Amino acid sequence: KIRARIKYLQEIQASHDALEEDYKRELEALDAKYTKKYAPLFATRAKVVKGDEEAPAEIVEALKAELAEVEKEEGFAGGAGVAAANAAGASDPVPKGIPQFWLGAMRAHDGVASRITEKDEAVLEHLLDLRCEELGGGDGEGGEGEDGEGGAGAAATDKKEKEGGEDSDSEEQPREYGFRLAFVFEMPNPFFDSPADGVVTKTYHMAAEDDEGMLERAVGTRIAWKAGKDPTVKILKKKPKPGRKPGGASSGKPMTKIEKTESFFNFFCPPAVPEEGDDDLDEEEVEALQEALEEDYELGETLRDELIPHAVSFYTGEMAEMEGEEEEEEDYDDEEEEEGDGDEDDEDEDDDDDDEDDDDEDDSEEEEEDRRAPSRGKQARGGGGGGGRKQRSGGKSGGGAKGGTPQDTGEKPAECKQQ
């Protein structure tokens, strides 16, 4: 009967596993469905940031009316200030698109901003778009929609990735899992010449569906930096020692040393995943590599899941406000819990005070008994003669024994010793 019950449980488990597979398939289809819906929104956002598309007229007029209303409320003359500002600004050159949009959004995200250096900021000022493309044939978040730019960009990134060291086989390849981040830079720019189209990518190749979540490898685009513009290195110059020429002039050339330094652009040079059976690394090296891989993948996920979908909210500061409100709510909940714990602590303190009072009373009684006990002892010894009192009196009496009578320094009778 027990075996039959176990067999029955196994059938229940099999039914659960089948439903779980259905759930995964439906979830994947739902994700793909909404990824396609997001794509045109991200494409329009990219055009506005680049300056290829302007805000609709109704938004411009509504904003003017809103500003005029604000001026009325603050006591200005009927919105005349807005009209004057518009007239004065009509002749001023207006920047194209939204300058430094992505740099501003990245600065506003704590997890990304911590990786950006001052040198990185100068390069990221030329970043025009950041998009994510799912591997496996699905449309990515940054697809450019009907104009075909998304397809061309995806093809270009595929070509670049193959040039970066991935295998290019004409035969049909099995389905890929993972995602690709594409950073679109203004070209030309003062920092690098290649890739020529300005699209710098980072691709995460994941294991098959059965091993979902396992990273197989990460591949980044090789950037050809212009001389002296690489933010990932620092150049150290050392003056040569004075030579033996007249006047102590130097006889050698300055020594130049190049060292790697912290930079956001190290993101495109990810650590290599060791092959199976590779035992060349010791335990500490394995742990360091594992940590580096986790940090690299975590940044990729952050860009994909947080920064790209909510870039506008990060840029405007709305995301920081929402996060601040959530933190305040959490702090309020914590304060309520602490107040509840404080009431219990007060009760415990009252109980402890009562216990301490009882202990103090017991200690006082014991001290009183101790004070009485020596007095009784002295009375008992006093009945045995003066010799007993001299022994009890301490060092002063003992010191005075040198000048005492013979009977004081002599041998005590046996009965005195016994007492």
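The model is predicted: local features need pLDDT of at least 70, side-chain atom pairs count only at pLDDT 80 or more, and totals for chains, interfaces and linings use all residues. Residues are numbered from 1 along each chain as its sequence is written, and side-chain values use heavy atoms, with hydrogens and water left out.

## Helix 1

Helix 1 covers residues 2-50. Helices here are DSSP runs of H or I with at least four residues, strands are runs of E with at least two, and both are numbered from the N terminus. Helix 1 has 49 residues. Its first and last C-alpha atoms are 69 Å apart, close to the 72 Å expected at 1.5 Å a residue. The expected span is 1.5 Å times one less than the number of residues.

The helix has a kink of about 25 degrees at Tyr-38, shortly before the proline Pro-40. The bend is the angle between two fitted axes, one for the seven residues ending at a residue and one for the seven starting there. After the helix comes Gly-51, with a positive phi near 95 degrees.

Which residues of helix 1 are buried? They are Thr-35, Ala-39, Phe-42, Ala-43, Arg-45, Ala-46, Val-49 and Lys-50. Buried means under 20% relative accessible area, exposed means over 50%, and partly exposed lies in between (1.4 Å probe, protein chains only).

A nonpolar surface patch is formed by Tyr-23, Leu-27, Leu-30, Tyr-34, Tyr-38 and Leu-41. Together they have about 620 Å² of accessible area. Areas come from the Shrake-Rupley method with a 1.4 Å probe, and for residues only the protein chains shown count as cover. Patch members have over 30% relative accessible area and no salt bridge; nonpolar side chains (Val, Leu, Ile, Met, Phe, Trp, Tyr) are joined within 5 Å, like charges within 9 Å. Leu-30 sits in helix 1. Its relative accessible area is 44%, so Leu-30 counts as partly exposed.

## Salt bridges

Side chains of opposite charge can pair when their charged atoms come close. A salt bridge here is a side-chain nitrogen of Lys or Arg within 4 Å of a carboxyl oxygen of Asp or Glu. The count comes to ten salt bridges.

| Pair | N to O distance |
|---|---|
| Glu-133 and Arg-131 | 3.1 Å |
| Lys-226 and Asp-193 | 3.6 Å |
| Lys-202 and Asp-296 | 2.7 Å |

Lys-226 and Asp-193 meet in a salt bridge. The pair links distant parts of the chain, 33 residues apart: Lys-226 is in the loop between strand 6 (224-225) and strand 7, and Asp-193 is in strand 3. Lys-226 is partly exposed, at 28% relative accessible area.

Lys-202 forms a salt bridge with Asp-296. This pair also joins distant parts of the chain, 94 residues apart, with Lys-202 in strand 4 and Asp-296 in helix 8 (residues 283-307). Lys-202 is buried, with a relative accessible area of 0%. Asp-296 is buried too, at 10%.

Glu-133 and Arg-131 belong to a salt-bridge network with Asp-129 and Arg-180. Glu-133 is buried at 8% relative accessible area. Arg-131 is buried at 5%.

## Cysteines

How many disulfides does the structure hold? The count is zero. A disulfide would be a pair of cysteine sulfur atoms within 2.5 Å. Cys-132 is buried, with a relative accessible area of 1%. Cys-269 is exposed, at 55%.

## Backbone points

Most residues other than glycine have a negative phi, and most peptide bonds are trans. Gln-100 is not a glycine, yet has a positive phi of about 55 degrees. Gln-100 lies in the loop between helix 3 (80-89) and helix 4 (101-108). It is partly exposed, with a relative accessible area of 33%.

Met-187 and Pro-188 are joined by a cis peptide bond, with omega about -5 degrees. Pro-188 is in the loop between strand 2 (177-185) and strand 3 (192-194). Another cis peptide bond joins Ser-194 and Pro-195, with omega about 10 degrees. Pro-195 is in the loop between strand 3 and strand 4 (199-206).

Leu-236 is in strand 7 (residues 233-238). Leu-236 and Lys-257 are 21 residues apart in sequence, but their C-alpha atoms are 4.9 Å apart in space. Leu-236 is partly exposed, at 36% relative accessibility.
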